[in-house]
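Open the model in your viewer and keep the selection panel at hand. Each stop below says what to select next and what is there.

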Amino acid sequence: MIDARRSHALNDRRTGNGPLLYWMSREQRVADNWGLYHAQQLALQRKVPLLVVFTLADGFLGANLRQYAFMLRGLEQVRQRLAELAIPLLVLRGDPPTELLRFVTQTGVGTVVCDFDPLRIKRHWFETAAAAASIPIIEVDGHNIVPCRIASPKREFGAYTLRPKLKRLLTEFLVEIPQVVRHPFPWLRAVEPFSAEALLAGLALDRSVAELTDLAPGEAAGAEALAAFLEGGLERYAASANDPLAAAQSGLSPWLHFGQLAPQRVALQVARCGGMAAEPFLEQLIVRRELSDNFCLHCPDYDRLDCAPDWARSTLEQHRHDPRSYCYPLEQFEQAATHDPLWNAAQRQLVISGKIHGYLRMYWAKKILEWTASPEEAFAIAVQLNNRYALDGRDPNGYTGIAWSLGGVHDRAWGRRPVFGTIRFMSAEGCKRKFDVAGYVKRWGRD
Ligand SMILES: Cc1cc2nc3c(=O)[nH]c(=O)nc-3n(C[C@H](O)[C@H](O)[C@H](O)COP(=O)(O)OP(=O)(O)OC[C@H]3O[C@@H](n4cnc5c(N)ncnc54)[C@H](O)[C@@H]3O)c2cc1C
(Lines give C-alpha, C1' and ligand atoms only; values in the text may rest on other atoms or scores of the structure.)
Protein backbone atom coordinates (compact mmCIF):
# COMPACT_ATOMS: atom_id res chain seq x y z
CA MET A 1 0.00 0.00 0.00
CA ILE A 2 1.31 3.42 -0.96
CA ASP A 3 1.76 5.90 1.88
CA ALA A 4 0.65 9.10 0.16
CA ARG A 5 1.73 11.25 3.13
CA ARG A 6 5.37 10.58 2.30
CA SER A 7 5.00 11.79 -1.27
CA HIS A 8 4.80 15.25 -2.77
CA ALA A 9 4.01 16.05 -6.42
CA LEU A 10 6.66 18.35 -7.91
CA ASN A 11 4.47 19.21 -10.93
CA ASP A 12 0.88 18.74 -12.04
CA ARG A 13 1.41 16.64 -15.18
CA ARG A 14 -0.83 13.74 -16.08
CA THR A 15 0.58 10.25 -15.82
CA GLY A 16 1.87 8.69 -19.04
CA ASN A 17 1.31 5.04 -19.92
CA GLY A 18 4.98 4.14 -19.86
CA PRO A 19 7.15 2.41 -17.25
CA LEU A 20 8.06 3.73 -13.81
CA LEU A 21 11.44 5.25 -13.08
CA TYR A 22 12.83 5.64 -9.57
CA TRP A 23 15.46 8.40 -9.59
CA MET A 24 17.67 7.22 -6.72
CA SER A 25 19.83 9.85 -5.17
CA ARG A 26 19.78 10.37 -1.39
CA GLU A 27 18.49 6.90 -0.49
CA GLN A 28 21.08 4.53 -1.94
CA ARG A 29 19.69 1.23 -0.71
CA VAL A 30 17.18 -1.48 -1.58
CA ALA A 31 15.91 -2.35 1.91
CA ASP A 32 13.67 0.03 3.83
CA ASN A 33 13.44 2.46 0.93
CA TRP A 34 10.12 4.33 0.85
CA GLY A 35 10.81 5.93 -2.56
CA LEU A 36 11.71 2.67 -4.27
CA TYR A 37 8.72 0.98 -2.66
CA HIS A 38 6.39 3.79 -3.77
CA ALA A 39 7.68 3.54 -7.35
CA GLN A 40 7.20 -0.22 -7.39
CA GLN A 41 3.68 0.01 -6.02
CA LEU A 42 2.74 2.43 -8.82
CA ALA A 43 4.37 0.14 -11.38
CA LEU A 44 2.51 -2.91 -10.04
CA GLN A 45 -0.84 -1.08 -10.11
CA ARG A 46 -0.23 -0.08 -13.73
CA LYS A 47 1.40 -3.40 -14.68
CA VAL A 48 4.48 -1.70 -16.13
CA PRO A 49 8.26 -2.21 -15.82
CA LEU A 50 10.35 -0.46 -13.16
CA LEU A 51 13.85 0.92 -13.59
CA VAL A 52 16.17 2.62 -11.09
CA VAL A 53 18.37 5.43 -12.41
CA PHE A 54 21.27 7.11 -10.64
CA THR A 55 22.53 10.32 -12.24
CA LEU A 56 26.26 10.62 -11.58
CA ALA A 57 27.70 14.14 -11.70
CA ASP A 58 31.41 15.06 -11.65
CA GLY A 59 32.61 17.08 -8.64
CA PHE A 60 29.31 17.00 -6.72
CA LEU A 61 29.62 19.81 -4.13
CA GLY A 62 33.40 19.35 -4.18
CA ALA A 63 33.31 15.64 -3.31
CA ASN A 64 36.59 13.79 -3.89
CA LEU A 65 37.84 10.23 -4.17
CA ARG A 66 37.10 9.51 -0.48
CA GLN A 67 33.37 10.16 -0.82
CA TYR A 68 32.87 8.97 -4.42
CA ALA A 69 34.55 5.62 -3.69
CA PHE A 70 32.35 4.97 -0.65
CA MET A 71 29.25 5.92 -2.61
CA LEU A 72 29.98 4.00 -5.83
CA ARG A 73 31.08 0.83 -4.05
CA GLY A 74 27.79 0.98 -2.14
CA LEU A 75 25.89 1.58 -5.36
CA GLU A 76 27.49 -1.47 -6.97
CA GLN A 77 25.95 -3.54 -4.16
CA VAL A 78 22.58 -1.87 -4.77
CA ARG A 79 22.84 -2.92 -8.42
CA GLN A 80 23.46 -6.54 -7.41
CA ARG A 81 20.58 -6.62 -4.92
CA LEU A 82 18.20 -5.00 -7.39
CA ALA A 83 19.21 -7.49 -10.08
CA GLU A 84 18.02 -10.29 -7.77
CA LEU A 85 14.61 -8.55 -7.80
CA ALA A 86 14.64 -8.19 -11.61
CA ILE A 87 14.94 -4.41 -11.33
CA PRO A 88 17.83 -2.92 -13.33
CA LEU A 89 19.95 0.00 -12.08
CA LEU A 90 21.26 2.34 -14.73
CA VAL A 91 23.89 5.03 -14.10
CA LEU A 92 23.62 8.12 -16.29
CA ARG A 93 26.61 10.48 -16.51
CA GLY A 94 26.40 14.25 -17.02
CA ASP A 95 24.13 17.05 -15.83
CA PRO A 96 21.48 15.18 -13.78
CA PRO A 97 18.20 16.88 -14.84
CA THR A 98 19.29 17.08 -18.49
CA GLU A 99 20.32 13.43 -18.68
CA LEU A 100 17.28 12.26 -16.75
CA LEU A 101 14.88 14.10 -19.05
CA ARG A 102 16.68 12.92 -22.19
CA PHE A 103 16.37 9.34 -21.00
CA VAL A 104 12.71 9.73 -19.98
CA THR A 105 11.82 11.09 -23.40
CA GLN A 106 13.76 8.40 -25.28
CA THR A 107 12.20 5.53 -23.36
CA GLY A 108 8.65 6.83 -22.85
CA VAL A 109 8.73 6.66 -19.06
CA GLY A 110 5.29 7.40 -17.58
CA THR A 111 6.15 8.66 -14.07
CA VAL A 112 9.33 9.48 -12.13
CA VAL A 113 9.66 9.05 -8.37
CA CYS A 114 12.63 10.86 -6.78
CA ASP A 115 14.06 11.21 -3.26
CA PHE A 116 13.36 14.18 -1.01
CA ASP A 117 16.48 16.22 -0.29
CA PRO A 118 16.57 19.74 1.22
CA LEU A 119 19.96 20.76 -0.23
CA ARG A 120 19.90 23.51 -2.88
CA ILE A 121 21.63 21.50 -5.58
CA LYS A 122 19.14 18.65 -5.30
CA ARG A 123 16.16 20.97 -5.17
CA HIS A 124 17.52 22.53 -8.35
CA TRP A 125 17.85 19.12 -10.07
CA PHE A 126 14.39 17.94 -9.12
CA GLU A 127 12.57 21.21 -9.71
CA THR A 128 14.30 21.79 -13.07
CA ALA A 129 13.35 18.30 -14.19
CA ALA A 130 9.79 18.66 -12.87
CA ALA A 131 9.26 21.98 -14.65
CA ALA A 132 10.49 20.64 -18.00
CA ALA A 133 9.00 17.12 -17.89
CA SER A 134 5.70 16.28 -19.54
CA ILE A 135 5.06 13.51 -16.99
CA PRO A 136 4.63 13.61 -13.19
CA ILE A 137 7.70 13.79 -10.96
CA ILE A 138 6.84 12.76 -7.42
CA GLU A 139 9.17 13.24 -4.47
CA VAL A 140 9.16 10.72 -1.60
CA ASP A 141 10.77 11.46 1.77
CA GLY A 142 12.58 8.30 2.79
CA HIS A 143 15.11 10.05 5.03
CA ASN A 144 12.94 11.61 7.69
CA ILE A 145 10.84 9.38 9.87
CA VAL A 146 8.20 12.10 10.01
CA PRO A 147 8.34 13.49 6.44
CA CYS A 148 10.01 16.90 6.53
CA ARG A 149 7.15 18.70 4.81
CA ILE A 150 4.62 17.22 7.23
CA ALA A 151 6.63 17.76 10.42
CA SER A 152 6.57 21.53 9.95
CA PRO A 153 5.80 23.99 7.15
CA LYS A 154 8.31 26.59 8.44
CA ARG A 155 11.82 27.08 9.79
CA GLU A 156 11.81 25.92 13.40
CA PHE A 157 13.54 27.94 16.14
CA GLY A 158 15.16 24.95 17.74
CA ALA A 159 14.84 21.39 18.95
CA TYR A 160 12.40 22.63 21.58
CA THR A 161 9.88 23.73 18.94
CA LEU A 162 10.25 20.78 16.57
CA ARG A 163 10.38 18.04 19.26
CA PRO A 164 6.69 18.21 20.32
CA LYS A 165 5.57 18.24 16.68
CA LEU A 166 7.62 15.14 15.90
CA LYS A 167 6.52 13.37 19.06
CA ARG A 168 2.87 13.90 18.18
CA LEU A 169 3.39 12.30 14.76
CA LEU A 170 5.81 9.51 15.64
CA THR A 171 3.19 6.92 16.56
CA GLU A 172 1.79 7.39 13.06
CA PHE A 173 5.10 7.33 11.19
CA LEU A 174 7.52 5.18 13.20
CA VAL A 175 6.08 1.96 11.80
CA GLU A 176 7.47 -1.13 10.09
CA ILE A 177 8.71 -0.35 6.57
CA PRO A 178 7.33 -2.33 3.60
CA GLN A 179 9.88 -3.91 1.25
CA VAL A 180 10.13 -4.16 -2.52
CA VAL A 181 9.53 -7.55 -4.11
CA ARG A 182 10.69 -9.24 -7.31
CA HIS A 183 9.28 -7.16 -10.17
CA PRO A 184 7.10 -9.15 -12.59
CA PHE A 185 7.25 -6.76 -15.57
CA PRO A 186 10.70 -6.75 -17.19
CA TRP A 187 12.41 -3.55 -18.34
CA LEU A 188 12.30 -2.88 -22.09
CA ARG A 189 15.89 -3.80 -22.89
CA ALA A 190 19.03 -5.17 -21.27
CA VAL A 191 20.90 -2.69 -19.05
CA GLU A 192 24.71 -2.96 -19.06
CA PRO A 193 25.97 -3.62 -15.51
CA PHE A 194 28.50 -1.08 -14.22
CA SER A 195 31.39 -1.50 -11.85
CA ALA A 196 32.39 1.03 -9.20
CA GLU A 197 36.00 0.73 -10.32
CA ALA A 198 35.21 1.66 -13.92
CA LEU A 199 33.03 4.59 -12.87
CA LEU A 200 35.70 5.85 -10.49
CA ALA A 201 38.33 5.64 -13.21
CA GLY A 202 36.17 7.66 -15.59
CA LEU A 203 35.28 10.51 -13.23
CA ALA A 204 37.00 13.91 -13.29
CA LEU A 205 37.87 13.78 -9.63
CA ASP A 206 40.09 15.29 -6.94
CA ARG A 207 42.07 12.18 -5.94
CA SER A 208 44.25 13.86 -3.30
CA VAL A 209 42.09 12.76 -0.34
CA ALA A 210 42.60 9.06 0.22
CA GLU A 211 39.81 6.50 0.16
CA LEU A 212 39.14 5.02 3.61
CA THR A 213 39.82 1.34 3.45
CA ASP A 214 38.90 0.39 7.03
CA LEU A 215 35.23 1.41 6.69
CA ALA A 216 33.21 -0.89 4.43
CA PRO A 217 30.63 0.86 2.24
CA GLY A 218 27.16 -0.44 1.39
CA GLU A 219 23.91 -1.69 2.83
CA ALA A 220 25.31 -4.88 4.30
CA ALA A 221 28.11 -3.06 6.13
CA GLY A 222 25.64 -0.42 7.38
CA ALA A 223 23.38 -3.15 8.78
CA GLU A 224 26.38 -4.81 10.44
CA ALA A 225 27.47 -1.52 11.99
CA LEU A 226 23.97 -1.07 13.39
CA ALA A 227 23.95 -4.61 14.81
CA ALA A 228 27.35 -4.05 16.42
CA PHE A 229 26.15 -0.79 17.99
CA LEU A 230 23.02 -2.44 19.39
CA GLU A 231 25.17 -5.22 20.85
CA GLY A 232 28.04 -3.24 22.25
CA GLY A 233 27.55 0.53 22.18
CA LEU A 234 23.97 1.54 22.82
CA GLU A 235 23.92 0.85 26.53
CA ARG A 236 26.99 3.09 27.00
CA TYR A 237 25.53 5.90 24.89
CA ALA A 238 23.73 7.77 27.70
CA ALA A 239 26.80 7.96 29.93
CA SER A 240 29.68 8.19 27.47
CA ALA A 241 28.51 9.56 24.10
CA ASN A 242 30.35 12.82 24.80
CA ASP A 243 33.67 11.12 25.54
CA PRO A 244 35.79 11.04 22.35
CA LEU A 245 37.86 8.13 23.69
CA ALA A 246 34.92 5.93 24.73
CA ALA A 247 33.71 4.86 21.25
CA ALA A 248 30.18 5.08 22.62
CA GLN A 249 28.58 6.85 19.66
CA SER A 250 27.08 4.72 16.94
CA GLY A 251 29.47 5.72 14.13
CA LEU A 252 26.54 5.26 11.73
CA SER A 253 26.64 8.69 10.05
CA PRO A 254 28.53 7.65 6.86
CA TRP A 255 25.93 4.98 6.00
CA LEU A 256 23.07 7.25 7.01
CA HIS A 257 24.47 10.08 4.92
CA PHE A 258 24.70 8.00 1.74
CA GLY A 259 21.31 6.46 2.40
CA GLN A 260 22.89 3.00 2.71
CA LEU A 261 21.08 2.62 6.04
CA ALA A 262 17.55 3.87 6.77
CA PRO A 263 17.21 6.13 9.81
CA GLN A 264 13.79 4.58 10.38
CA ARG A 265 15.33 1.11 10.62
CA VAL A 266 17.84 2.38 13.18
CA ALA A 267 15.07 4.06 15.19
CA LEU A 268 12.88 0.93 15.14
CA GLN A 269 15.72 -1.30 16.32
CA VAL A 270 16.89 1.08 19.03
CA ALA A 271 13.34 1.64 20.27
CA ARG A 272 12.91 -2.14 20.43
CA CYS A 273 16.07 -2.49 22.53
CA GLY A 274 14.83 0.19 24.93
CA GLY A 275 16.99 0.83 27.96
CA MET A 276 18.41 4.05 29.36
CA ALA A 277 20.24 5.07 26.20
CA ALA A 278 17.35 4.74 23.76
CA GLU A 279 15.94 8.15 24.58
CA PRO A 280 19.12 10.25 24.32
CA PHE A 281 20.11 8.37 21.16
CA LEU A 282 16.69 8.86 19.52
CA GLU A 283 16.84 12.55 20.45
CA GLN A 284 19.93 12.82 18.20
CA LEU A 285 18.78 10.44 15.48
CA ILE A 286 15.27 11.81 15.16
CA VAL A 287 14.95 15.31 16.65
CA ARG A 288 18.40 16.74 15.83
CA ARG A 289 18.71 15.04 12.46
CA GLU A 290 15.22 16.00 11.30
CA LEU A 291 15.75 19.53 12.62
CA SER A 292 18.72 19.77 10.22
CA ASP A 293 16.53 18.86 7.25
CA ASN A 294 13.92 21.40 8.40
CA PHE A 295 16.63 24.08 8.61
CA CYS A 296 18.13 23.40 5.18
CA LEU A 297 14.72 23.15 3.50
CA HIS A 298 13.49 26.46 4.89
CA CYS A 299 16.78 28.38 4.93
CA PRO A 300 18.51 28.17 1.53
CA ASP A 301 21.51 30.12 2.96
CA TYR A 302 22.31 27.17 5.24
CA ASP A 303 25.97 27.11 4.16
CA ARG A 304 26.89 30.75 4.91
CA LEU A 305 26.66 33.15 7.80
CA ASP A 306 23.51 34.77 6.38
CA CYS A 307 21.60 31.82 7.85
CA ALA A 308 22.29 32.97 11.43
CA PRO A 309 19.41 34.47 13.40
CA ASP A 310 19.34 38.27 13.88
CA TRP A 311 20.66 38.21 17.46
CA ALA A 312 23.67 36.12 16.39
CA ARG A 313 24.53 38.23 13.35
CA SER A 314 24.27 41.39 15.39
CA THR A 315 26.51 40.10 18.21
CA LEU A 316 29.11 38.87 15.73
CA GLU A 317 28.98 42.27 14.01
CA GLN A 318 29.61 44.06 17.29
CA HIS A 319 32.69 41.92 17.83
CA ARG A 320 33.92 41.87 14.23
CA HIS A 321 36.96 44.01 14.98
CA ASP A 322 37.96 42.41 18.27
CA PRO A 323 41.66 41.53 18.28
CA ARG A 324 42.22 37.80 17.65
CA SER A 325 44.91 36.04 19.71
CA TYR A 326 45.63 33.89 16.65
CA CYS A 327 44.58 34.26 13.04
CA TYR A 328 45.13 31.39 10.59
CA PRO A 329 44.52 30.96 6.87
CA LEU A 330 42.71 27.88 5.51
CA GLU A 331 45.99 26.06 4.74
CA GLN A 332 47.23 26.26 8.32
CA PHE A 333 43.97 24.85 9.64
CA GLU A 334 44.01 22.17 6.97
CA GLN A 335 47.53 21.11 7.90
CA ALA A 336 46.56 20.89 11.59
CA ALA A 337 49.26 23.46 12.32
CA THR A 338 47.61 25.75 14.88
CA HIS A 339 49.09 26.44 18.36
CA ASP A 340 46.44 24.17 19.97
CA PRO A 341 47.28 20.45 20.27
CA LEU A 342 43.60 19.55 20.89
CA TRP A 343 42.37 21.34 17.77
CA ASN A 344 45.20 19.88 15.70
CA ALA A 345 44.36 16.38 16.95
CA ALA A 346 40.70 16.85 15.96
CA GLN A 347 41.71 18.03 12.49
CA ARG A 348 44.03 15.05 12.14
CA GLN A 349 41.23 12.70 13.18
CA LEU A 350 39.11 14.25 10.42
CA VAL A 351 41.81 13.91 7.76
CA ILE A 352 42.88 10.39 8.75
CA SER A 353 39.60 8.75 9.74
CA GLY A 354 37.02 10.82 7.82
CA LYS A 355 35.27 12.16 10.90
CA ILE A 356 35.70 13.94 14.22
CA HIS A 357 33.96 12.72 17.33
CA GLY A 358 30.62 14.56 17.66
CA TYR A 359 31.56 16.47 20.81
CA LEU A 360 34.81 17.72 19.36
CA ARG A 361 33.17 18.76 16.11
CA MET A 362 31.64 21.65 18.08
CA TYR A 363 35.02 22.64 19.56
CA TRP A 364 36.69 22.30 16.16
CA ALA A 365 34.19 24.65 14.48
CA LYS A 366 34.07 27.22 17.31
CA LYS A 367 37.85 27.60 17.33
CA ILE A 368 37.81 28.31 13.61
CA LEU A 369 35.51 31.26 14.45
CA GLU A 370 37.92 32.41 17.17
CA TRP A 371 41.03 32.23 14.99
CA THR A 372 39.97 33.73 11.67
CA ALA A 373 39.68 37.35 10.55
CA SER A 374 35.87 37.30 10.09
CA PRO A 375 32.90 35.04 10.88
CA GLU A 376 32.12 34.75 7.15
CA GLU A 377 35.62 33.39 6.49
CA ALA A 378 35.32 31.04 9.47
CA PHE A 379 32.03 29.65 8.12
CA ALA A 380 33.53 29.09 4.68
CA ILE A 381 36.63 27.35 6.11
CA ALA A 382 34.57 25.06 8.35
CA VAL A 383 32.29 24.05 5.46
CA GLN A 384 35.23 23.49 3.13
CA LEU A 385 37.22 21.31 5.54
CA ASN A 386 34.18 19.34 6.71
CA ASN A 387 33.06 18.66 3.15
CA ARG A 388 36.55 17.80 1.93
CA TYR A 389 37.52 15.28 4.59
CA ALA A 390 34.37 14.03 6.33
CA LEU A 391 32.83 10.91 4.90
CA ASP A 392 29.47 12.15 6.13
CA GLY A 393 30.07 15.70 4.80
CA ARG A 394 27.73 17.66 2.48
CA ASP A 395 24.90 16.61 4.77
CA PRO A 396 22.18 18.86 6.27
CA ASN A 397 23.56 17.74 9.66
CA GLY A 398 26.96 19.17 8.77
CA TYR A 399 25.70 22.52 7.53
CA THR A 400 23.43 22.80 10.56
CA GLY A 401 26.17 21.74 13.00
CA ILE A 402 28.45 24.44 11.62
CA ALA A 403 25.63 27.01 11.69
CA TRP A 404 24.93 26.04 15.32
CA SER A 405 28.58 26.32 16.34
CA LEU A 406 29.41 29.57 14.54
CA GLY A 407 26.08 31.27 14.01
CA GLY A 408 23.94 30.39 17.04
CA VAL A 409 21.37 28.58 14.87
CA HIS A 410 18.95 26.61 17.10
CA ASP A 411 20.84 27.94 20.14
CA ARG A 412 20.41 30.96 22.44
CA ALA A 413 22.62 33.81 23.63
CA TRP A 414 25.23 32.98 26.30
CA GLY A 415 27.72 35.10 28.28
CA ARG A 416 29.60 37.72 26.23
CA ARG A 417 33.16 36.92 25.11
CA PRO A 418 35.63 38.59 22.74
CA VAL A 419 35.11 37.63 19.05
CA PHE A 420 32.13 35.35 19.91
CA GLY A 421 29.95 38.03 21.40
CA THR A 422 27.09 36.03 22.91
CA ILE A 423 27.57 32.92 20.72
CA ARG A 424 28.19 29.91 22.98
CA PHE A 425 31.91 29.55 23.70
CA MET A 426 34.00 26.39 24.25
CA SER A 427 37.51 26.11 25.64
CA ALA A 428 40.23 23.47 25.86
CA GLU A 429 40.09 23.85 29.66
CA GLY A 430 36.36 23.02 29.55
CA CYS A 431 37.13 19.93 27.47
CA LYS A 432 39.68 18.82 30.08
CA ARG A 433 36.90 18.75 32.64
CA LYS A 434 34.81 16.49 30.35
CA PHE A 435 37.28 13.95 28.99
CA ASP A 436 40.90 12.86 28.83
CA VAL A 437 42.24 15.54 26.48
CA ALA A 438 45.83 14.34 26.85
CA GLY A 439 44.75 10.81 25.87
CA TYR A 440 42.91 12.13 22.81
CA VAL A 441 45.90 14.24 21.75
CA LYS A 442 48.14 11.20 22.21
CA ARG A 443 45.77 9.14 20.02
CA TRP A 444 45.37 11.65 17.19
CA GLY A 445 48.17 14.20 17.60
CA ARG A 446 51.44 14.18 15.68
CA ASP A 447 53.98 11.50 16.66
C1 LIG B 1 30.63 21.46 13.39
C2 LIG B 1 29.81 20.21 13.19
C3 LIG B 1 29.88 19.53 11.99
C4 LIG B 1 29.09 18.40 11.77
N5 LIG B 1 29.18 17.77 10.56
C6 LIG B 1 28.38 16.69 10.31
C7 LIG B 1 28.40 16.08 9.04
O8 LIG B 1 29.12 16.51 8.12
N9 LIG B 1 27.57 15.01 8.82
C10 LIG B 1 26.75 14.52 9.81
O11 LIG B 1 26.03 13.55 9.57
N12 LIG B 1 26.71 15.10 11.02
C13 LIG B 1 27.49 16.17 11.30
N14 LIG B 1 27.43 16.77 12.54
C15 LIG B 1 26.45 16.28 13.53
C16 LIG B 1 26.99 15.18 14.49
O17 LIG B 1 28.18 15.61 15.08
C18 LIG B 1 27.20 13.87 13.74
O19 LIG B 1 25.98 13.49 13.13
C20 LIG B 1 27.66 12.74 14.64
O21 LIG B 1 28.85 13.07 15.28
C22 LIG B 1 27.85 11.48 13.80
O23 LIG B 1 28.41 10.45 14.53
P24 LIG B 1 27.56 9.19 14.97
O25 LIG B 1 26.85 8.62 13.79
O26 LIG B 1 28.47 8.31 15.75
O27 LIG B 1 26.50 9.91 15.92
P28 LIG B 1 25.54 9.32 17.07
O29 LIG B 1 25.76 10.16 18.28
O30 LIG B 1 25.69 7.87 17.22
O31 LIG B 1 24.10 9.70 16.52
C32 LIG B 1 23.38 8.89 15.60
C33 LIG B 1 22.89 9.72 14.46
O34 LIG B 1 22.09 10.81 14.94
C35 LIG B 1 22.29 11.96 14.13
N36 LIG B 1 22.92 13.01 14.92
C37 LIG B 1 23.73 12.90 15.98
N38 LIG B 1 24.09 14.11 16.43
C39 LIG B 1 23.51 15.01 15.63
C40 LIG B 1 23.49 16.43 15.58
N41 LIG B 1 24.13 17.18 16.47
N42 LIG B 1 22.79 17.03 14.59
C43 LIG B 1 22.10 16.31 13.69
N44 LIG B 1 22.07 14.94 13.68
C45 LIG B 1 22.76 14.32 14.64
C46 LIG B 1 23.24 11.53 13.02
O47 LIG B 1 22.49 11.11 11.91
C48 LIG B 1 24.00 10.39 13.66
O49 LIG B 1 24.59 9.52 12.73
C50 LIG B 1 28.22 17.93 12.77
C51 LIG B 1 28.15 18.60 13.99
C52 LIG B 1 28.94 19.73 14.20
C53 LIG B 1 28.84 20.46 15.52
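Start with the largest nonpolar core, which has 124 residues; Tyr22, Val112 and Ala382 touch the most other members. Now select helix α2, residues 65-84: this helix gives the core its largest share, eight residues. Keep in mind that this is a predicted model. In soluble globular proteins, nonpolar side chains tend to be buried together.

**Ala382**

Set aside its neighbours within four places in sequence. Ala382 is then in contact with Ala365, Ile368, Ile402 and Leu406.

**Val112 and strand β6**

Val112 stands opposite Ile137 in β6. Select β5 (residues 111-115) and β6 (residues 137-140) together: the two strands run parallel, joined by four bridges. With β5 and β6, helix α4 makes a right-handed β-α-β unit.

Next, show strand β1, residues 7-9. β1 runs antiparallel to β6, and three bridges join them. Look for Ala9, whose bridge partner in β6 is Ile138.

**Domains**

Zoom out and colour by domain. The domain assignment gives domain 1 as 1-142, domain 2 as 143-180 + 219-299, and domain 3 as 305-444. The centres of domain 1 and domain 2, taken over C-alpha atoms, are 24 Å apart. Where the two touch, 24 residues of domain 1 are in contact with 22 residues of domain 2. Highlight α1 (34-46) and α2: each supplies at least two residues of the side of domain 1 that touches domain 2.

**Helix α14**

Last stop: select α14, residues 341-353. How far apart are its end C-alpha atoms? They are 18 Å apart, which agrees with the 18 Å that 13 residues should span at 1.5 Å a residue.

Now show the buried residues of α14: Leu342, Trp343, Ala345, Ala346, Gln347, Gln349, Leu350 and Val351. What do they pack against? Their partners are α13 (330-334), α15 (358-370), α16 (375-389), α18 (428-434) and α19 (437-444). Finish on Gly354, which follows α14 and has a positive phi, near 85°.

Definitions and conventions. Residues are numbered from 1 along each chain as its sequence is written. This is a predicted model: local features need pLDDT of at least 70, side-chain atom pairs count only at pLDDT 80 or more; totals for chains, interfaces and linings use all residues. Two strands pair if DSSP finds at least two bridges between them. A crossover is right-handed if, with the strands pointing away from the viewer, the path from the first strand over the helix to the second runs clockwise. The expected span of a helix is 1.5 Å times one less than its number of residues. A residue is buried if 20 or more other C-beta atoms lie within 10 Å of its own, exposed if 12 or fewer, and partly exposed in between; C-beta atoms are placed from the backbone. Two residues are in contact if their C-beta atoms, placed from the backbone, lie within 7 Å. A nonpolar core is a set of buried Ala, Val, Leu, Ile, Met, Phe, Trp, Tyr and Cys residues joined through C-beta atoms within 7 Å. Domain bounds come from an automatic or database domain assignment.
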